[in-house]
Amino acid sequence: MLVADARFDACGYGGKRHASSSPLRFITRAALPGGGTVCLFKVLLTNACINDCAYCVNQVGRDRPRSSFRPEDLAALFMELYNKGLAQGLFLSSGVAGNASRTMEQMLNTVEILRHHYEFRGYVHLKVMPGASFDCVAEACRLANRVSVNMEAPTPQHLARLSSKKDLYRDILERMRWVKRVIAGNDRAAPSGQTTQFVVGASGETDRDILHAMEMLYREMDLRRAYFSAFQPVGDSRLEGHPPAPPMREHRLYQTDWLLRVYGFPLQEVELALGQGDSFSLAKEPKLVMARRQPWRFPVDVNRASHDELLRVPGVGPRSAKRIAEARREHSIFSLGQLEKMGVRARLAAPFIRFQGISAEERQLALLPEDGDGLAREAPPLVVPAATTRRP
């Protein structure tokens, strides 16, 4: 049960789970911060919780079995999986049993046993419980490769709709500032930085609300990245009748996160992708919408354009922009086929580029009904939830 409940805590986009019905299906292949992937064993220390988060399967008051691991038992279980080659790293989260600091002390004890008794030096992602003490936060940064505090909602007002027991500034953002301070003072602390997660569609928030919260976290908290969990209603809860969030909305938020974090686009430019109701289109990806709303930027000459100009072309990503710059040092680019070989989605790019030899017909390709995915092949794939409930 503690393994199953942990599946609602996102740690990477596009993760593939073991196909069987055994707990091994909760070993997730997750993206590493510096590239590559790692098989993480995702587990809760306990599913007992004093919090009333309306989106969570473990919220207080729900009639369901509760159980907990002892730190030594959980450490031994992970090492058994590790020694069999089934898991390379640990993703440890928990409900809040009693209070946040006591729960975190048990989580820290688990990682201490791994690090010192078993001499495990691999990857550990450790959740910081909202409301935990500074000492617990500092110790988590010392022991783990990455730490995270789930923000869950973009504003205090939205969080209040989800939980009556959490304060966004006091319990969550203050812990994020502590993480930033600890990491800044010790280059060995949490070398993979801190992350957070939003529950999408549970509190009536708009995409603009989430976008502004993301930008603030990258600017003020040195956040490494944000994750998103499309809300799915939980039975016997306040939001039982609340409609689920479309998986495509989660995907669009991942794409806009790339525009901010990887492409380095300013907030004001990404906001151009917002439409009615301050939401991103579910039918068209944000970068394509942005390009169509800035016609004065296009078409760009692929043989002369700067890196930043190329990045704004739908269908061109950071890697393909770099390949274009490298290729044109040797020869001119004169066909869409050349661009395809460099990783460009030529169908999307055609109306926004020019070079000698491109035809008017080719320039019209992306105006046809199938718009595709303008974040090119470097964008994260669509993630469709496999369960009817989600937990951040």
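Q: Which residues in α2 meet which residues in α3?
A: Contact means heavy atoms within 4.5 Å. In this predicted model, Pro71, Glu72, Leu74, Ala75, Phe78 and Met79 of α2 meet Gln106, Asn109, Thr110, Ile113 and Leu114 of α3. Helices are DSSP runs (H or I, at least four residues), numbered from the N terminus. Local features need pLDDT of at least 70, side-chain atom pairs count only at pLDDT 80 or more, and totals for chains, interfaces and linings use all residues. Residues are numbered from 1 along each chain as its sequence is written, and side-chain values use heavy atoms, with hydrogens and water left out.

Q: At what angle do α2 and α3 pack?
A: Axes are lines fitted to C-alpha atoms over the stretch in contact, and angles run from 0 to 180 degrees between N-to-C directions. Helix α2 (residues 71–83) and helix α3 (residues 100–117) pack at about 45°, with axes 8 Å apart. α2 is therefore oblique to α3 (under 35 degrees is roughly parallel, over 145 roughly antiparallel, 65 to 115 roughly perpendicular, the rest oblique).

Q: How many disulfides does the structure hold?
A: A disulfide is a covalent bond between the sulfur atoms of two cysteines; here the criterion is a pair of cysteine sulfur atoms within 2.5 Å. The structure holds zero. For Cys49, the closest cysteine sulfur, in Cys56, is 6.2 Å away, too far for a bond.

Q: Is Cys49 buried or exposed?
A: Buried means under 20% relative accessible area, exposed over 50%, partly exposed in between (1.4 Å probe, protein chains only). Cys49 counts as buried because its relative accessibility is 15%; Cys39, at 14%, also counts as buried.

Conventions:
Helix = DSSP H or I, 4+ residues; strand = E, 2+ residues; numbered from the N terminus.
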